[in-house]
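User: I've got a protein model open and I'd like to learn how to read it. Can we go through it in questions and answers?

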Amino acid sequence: MVGFGSVFLDAVEGAVADGSIVVLEEPDNIRHRGLEGEAERRACLRAVLPATYQQGGDCVDIATELHRSWPIEAVVPALEYAVPAAAAIAEKLGLPGATSRAAAVLRDKLLLREATGRAGMPTPRWREIRGPEDIVAFAQAGPVVVKPADRQASVGVQLLDHCDPAEAERAWQALLEAAEPGHAPDRPLDRRFLAEERVYGTEYSVEALVREGSVEFFNVTEKSVIGGRHPVESGHVLPAPVSAETEQDMRTAMRRLVEATGFGSGILHAEWIMTGSELVLIECAGRCPGDRLTDLLDLAYATAIRPALIEILAGRRPRLPQRAAGAAAIRFMSAPPGEVVSVEGVAEARERPGVHSVQVTVAEGDRIRPWSSSWDRYGYALATGRNPEEANSRAVAAAASVRVRTR
């Protein structure tokens, strides 16, 4: 496993042999996240070893050396920034993987725009930006989105309805200053940025398990996004309540995306906007989705996506459901920014019908910040139902039952 994914490890505990997973993680991230003793706390984990993998490093050489003592059966990217290294290791060892070409495209939104444009897929008008003056010039044609080309969790993404030089300078500085402590190494990394025409419509994501270029599992998720400058997701429900025609359009679009990127084997999480006339790709990741979406998939489809992914990356063909058995939804909690005075209603929320889990990560004395990325959310409620509408209403009600007061 490249990158330490605690949620992934929790999900496969008991589904894989004890001591069968070795994690390669950036030394700075091991230190910042306190991962030194993780192997003693998890039965499935043999070791967490230091290795550099973000924008190059020694990860491939360390994995090759490991392979001589502990034969590697599959290489899993647990995090967004680990996708290229995992693909490179898999290629080096002759194992299934995304392919280095596809991994590079999926990690760089500029390369993704180029690849999908060559394939004739609908894409927003876009350009690389190198300073605030580029933002001003691009925004002359209308509202735009500015974003880093290679970040995750909506970090740095901003919606600009109007853009004068002062606003462009503010947006540019926010791009440069966007930080993720514990997720990126301390050393300087090269960053690229882009501006895109803002696209309006209903937002969806598609989660797909792919084996040797063939889509083996497919799901459509409907997304909810907060208004304002930062488009942070506030909830998800799956399978999305879409027509059979729309679902088929999305299947076709995913097959075109696999072909356009040259993706081999693994998992894809692609985000789309359905406009009045077409399905437009916003971005795509080559790893398990965040926001507990993989847990929602397991609940709605009565399956285990992460162990199935390991099977695919080991060259096997797991049995996968083609239709959901029910529905699942998640709703993230919000409260006015400030210092937390009290947290109430968690036990009540957990007792509500259909609620699978409720998590709150703040307590009295902690500080809640305005949402500018997914890392700013402090809690969620996850629920199931017989259909998407019931699952979503249960998740919304459970999240609303938790009362966080701030000052």
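What follows is a chat about the spaces, strands and cores of this model.

User: Before we start, what kind of model is this, and how are residues numbered?

Analyst: Residues count from 1 along each chain as its sequence is written, and side-chain values use heavy atoms, with hydrogens and water left out. As for the kind, local features need pLDDT of at least 70, side-chain atom pairs count only at pLDDT 80 or more, and totals for chains, interfaces and linings use all residues, since this is a predicted model.

User: How many cavities of 30 Å³ or more does the search find, and how much space lies in the largest cavity?

Analyst: First, the word: on a 1 Å grid over the protein atoms alone, a cavity is a set of points where a 1.4 Å probe fits but cannot get out. Grid points are joined across faces, edges and corners, and a volume is the space filled by probe spheres set on the points. Searching the whole structure turns up one cavity of 30 Å³ or more. The space in the largest cavity is about 100 Å³.

User: Which element gives the largest share of the lining of that largest cavity?

Analyst: Lining residues have an atom within 4 Å of a point, and here there are 16, with Pro77, Gly97, Ala98, Ser265 and Leu313 nearest the centre. Helix H5 (83-93), strand S10 (266-274) and helix H12 (305-313) each give two or more residues; helices (H or I, at least four residues) and strands (E, at least two) are DSSP runs, numbered from the N terminus. The largest share is four residues, and they come from H5.

User: How do the lining residues of the largest cavity divide by type?

Analyst: Ala, Val, Leu, Ile, Met, Phe, Trp, Tyr, Cys and Pro count as nonpolar, Asp, Glu, Lys and Arg as charged, and the others, Gly among them, as polar. Sorted that way, the lining of the largest cavity has twelve nonpolar, four polar and no charged residues.

User: What do the buried residues of H5 pack against?

Analyst: Buried means under 20% relative accessible area, exposed is over 50%, and partly exposed is in between (1.4 Å probe, protein chains only). In H5 the buried residues are Val83, Ala85, Ala86, Ala87, Ile89, Ala90 and Leu93. With contact meaning heavy atoms within 4.5 Å, they pack against strand S1 (21-25), helix H4 (59-69) and helix H6 (100-106).

User: Why is S10 largely enclosed by the rest of the structure?

Analyst: Look at its residues one by one: S10 has nine, and it is largely enclosed because eight of the nine are buried.

User: Which strands does S10 pair with?

Analyst: Two strands pair if DSSP finds at least two bridges between them. Strand S7 (residues 202-211) joins S10 over nine antiparallel bridges, while strand S11 (residues 279-285) joins S10 through six, also antiparallel. S10 and S11 make a hairpin with four residues between them, and Trp272 stands opposite Leu281 in S11.

User: Leaving aside neighbours within four places in sequence, what is leucine 309 in contact with?

Analyst: Leucine 309 is one of the residues with the most contacts inside the largest core. Its contacts, with those neighbours left aside, are Phe8, Val76, Leu209, Gly266, Ile267 and Cys288.

User: How much space lies in the second largest pocket?

Analyst: A pocket is an open set of grid points with protein on both sides within 12 Å along at least five of seven lines. The second largest pocket has 27 lining residues, with Ser20, Ile21, Val22, Glu73 and Ala74 nearest its centre. Its lining divides into 21 nonpolar, two polar and four charged residues. The space in this pocket is about 600 Å³.

User: Is proline 50 buried, exposed or partly exposed?

Analyst: Proline 50 is found in strand S2 (45-50). Not counting residues up to four places away in sequence, proline 50 touches Glu25, Pro27, Ile30 and Ile62. With a relative accessible area of 49%, proline 50 is partly exposed.

Definitions and conventions
A nonpolar core is a set of buried Ala, Val, Leu, Ile, Met, Phe, Trp, Tyr and Cys residues joined through side-chain atoms within 4.5 Å.
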